[in-house]
Amino acid sequence: MDSRLARRIRLFRDSGQVRPEVAAFVTAELETLAAEGRPVTEDSAGMLTSHLLMALTRLLDGGTVEPAGTEAAVAEELAAHPEALARARAVAVRAESELGASLPGPEVHFLALHLAVWRGGPAVPAARPRRDTP
């Protein structure tokens with residue numbers, strides 16, 4: 001992960017906009033992508049990073065997500081990117097398990113769209129090794 005992206009996460013965390021555990025979770029997800037050969041930079045992952053940080057924090061704070069009314073168009077787009085949808089679903093499972101944040105369908109689809117348009121790198125697999133937490 002490049003220094004600008006790490007700075008983005010640190011700013012969200014240090015300003016109190018996101019919980020430390022959310023910052024750690026998103027960092028672990030990005031580090032896994034980097035280890036798989038994905039380019040994890042501010043340019044390639046900045047928007048995904050901010051979205052995931054804020055979505056998880058909002059859910060942990062009791063917020064809800066309203067469907068955007070574009071579910072059919074999103075589903076059509078994601079049909080061409082099953083690997084991105086599988087990765088997004090796997091992230092959602094880990095978020096539920098590790099943070100207790102249940103990403104609803106529209107959030108999973110939005111995350112999958114971010115992954116589908118990721119610039120460069122190999123296909124996005126759906127697995128990440130389980131983190132041991134203290």
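Me: Which residues in α3 do Val-22, Ala-23, Phe-25, Val-26 and Leu-30 in α2 meet?

Reply: This is a predicted model, where local features need pLDDT of at least 70, side-chain atom pairs count only at pLDDT 80 or more, and totals for chains, interfaces and linings use all residues. Residues are numbered from 1 along each chain as its sequence is written, and side-chain values use heavy atoms, leaving out hydrogens and water. Helices are DSSP runs (H or I, at least four residues), numbered from the N terminus, and contact means heavy atoms within 4.5 Å. The α2 residues meet Ala-45, Leu-48, Thr-49, Leu-52, Leu-53, Leu-56, Thr-57 and Leu-60.

Me: At what angle do helix α2 and helix α3 pack?

Reply: Helix α2 covers residues 20-35 and helix α3 residues 42-60. Axes are lines fitted to C-alpha atoms over the stretch in contact, and angles run from 0 to 180 degrees between N-to-C directions. The two axes lie 10 Å apart, at an angle of about 145°.

Me: Which residues does Leu-53 contact, leaving aside its neighbours within four places in sequence?

Reply: Leu-53 is one of the α3 residues that α2 meets. Its contacts beyond those neighbours are Ile-9, Phe-12, Val-18, Val-22, Ala-23 and Val-26.

Me: How many helices and strands does the protein have?

Reply: Strands here would be DSSP runs (E, at least two residues). Along the sequence the pattern reads α-α-α-α-α-α. The count is six helices and zero strands.

Me: What share of the 134 residues is buried?

Reply: Buried means under 20% relative accessible area (1.4 Å probe, protein chains only). In this protein, buried residues come to 42%.

Methods
Buried < 20%, exposed > 50% of the residue type's maximum accessible area, 1.4 Å probe, protein only.
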